[in-house]
Amino acid sequence: MHEEQHAPRHEHPEGSIAAYITDIISEFSEVFASARTNWSRYAETVHPELSGGGLMVLQFILRKGPVTATGISQVLDMDKALVSRQIARLREFNLVEARPAPDDRRVQLLTGTAESEEIMAEVRTRWAHSYHERFEGWNASELLVLRDALHRFNAGTVPPNDGPATRCARGHREAAAE
């Protein structure tokens, strides 16, 4: 049995933008809390000793790799030491490989292993199933409005720094794509 969709927390008079934004922040807080729980739960299915943060780093590497630890740190706004520890664990579990960048051997480019690609495909399938359950009862129009609103919201984010390590990884990705 699925929970009924809950009504918005507060009804505000038309034009109460600040109050609506406060409600949106509250809703995002619940989404983030749920996401943290899911990251931890799915991380355990990848490897019993993997943390939710480690899964986040792994997924980023699989989506954006090859990428540097600095690039990960900047985009995910995580402490570089924390990212380095997560990468060390991922390498220990044979989920990530590191290779020197051809144009600067001091820079390590991170990519996922075939094993991590396979495992994450299974995790994404479970993740998708979970979302399908949460969206049960929503019609296509409601899903489209949510998708477009989230896309618009996310498009307004500030791009990450474009330092040397980020440029090096980007150049390597572009060369590999050719």
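User: How much of the protein counts as buried?
Analyst: Of its 178 residues, 28% count as buried, where buried means under 20% relative accessible area, exposed over 50% and partly exposed in between, with a 1.4 Å probe and protein chains only. This is a predicted model, in which local features need pLDDT of at least 70, side-chain atom pairs count only at pLDDT 80 or more, and totals for chains, interfaces and linings use all residues. Residues are numbered from 1 along each chain as its sequence is written, and side-chain values use heavy atoms, with hydrogens and water left out.

User: What does the secondary structure come to?
Analyst: Seven helices and two strands, in the order α-α-α-α-β-β-α-α-α from the N terminus. Helices (H or I, at least four residues) and strands (E, at least two) are DSSP runs, numbered from the N terminus.

User: And of the contacts between residues at least 6 apart, how many join residues at least 24 apart?
Analyst: 52% of them; contact means heavy atoms within 4.5 Å.

User: Take H2. What is its reach from first C-alpha to last?
Analyst: Helix H2, residues 52-64, has 13 residues and reaches 18 Å, close to the 18 Å expected at 1.5 Å a residue. The expected span is 1.5 Å times one less than the number of residues.

User: Which of the H2 residues are buried?
Analyst: Gly-52, Gly-54, Leu-55, Val-57, Leu-58, Gln-59, Phe-60, Ile-61 and Leu-62.

User: What do they pack against?
Analyst: Helix H1 (17-46), H3, H4, strand S1 (96-101), S2 and H5.

User: Which residues does the cis peptide bond join?
Analyst: Gly-65 and Pro-66, with omega about 0 degrees. Pro-66 is in the loop between H2 and H3.

User: What about phi at Asp-77?
Analyst: Asp-77 is not a glycine, yet its phi is positive, about 55 degrees. The residue sits in the loop between H3 and H4 and is exposed, at 71% relative accessible area. For background, most residues other than glycine have a negative phi, and most peptide bonds are trans.

User: And what is phi at Asn-94?
Analyst: Positive again, about 60 degrees, and Asn-94 is not a glycine either. Its place is the loop between H4 and S1. Asn-94 counts as partly exposed because its relative accessible area is 43%.

User: Which side chain makes a polar contact with that of Asn-94?
Analyst: Glu-115, at 3.1 Å. A polar contact is a pair of N or O atoms within 3.5 Å; within protein, one must be able to donate a hydrogen and the other to accept it, and residues adjacent in sequence count only if both atoms are side-chain atoms.

User: Where is Glu-115, and what else does it touch?
Analyst: Glu-115 is in helix H5, residues 114-134. Leaving aside neighbours within four places in sequence, Glu-115 is in contact with Phe-93 and Asn-94. Its C-alpha is 9.0 Å from that of Val-96, 19 residues apart along the chain.

User: Why does Glu-115 count as partly exposed?
Analyst: Because its relative accessibility is 38%.

User: Which lining residues lie nearest its centre?
Analyst: Of the 13 in the lining, Thr-68, Ala-69, Thr-70, Lys-80 and Gln-108.

How values were computed. On a 1 Å grid over the protein atoms alone, a cavity is a set of points where a 1.4 Å probe fits but cannot get out, and a pocket is an open set with protein on both sides within 12 Å along at least five of seven lines; lining residues have an atom within 4 Å of a point.
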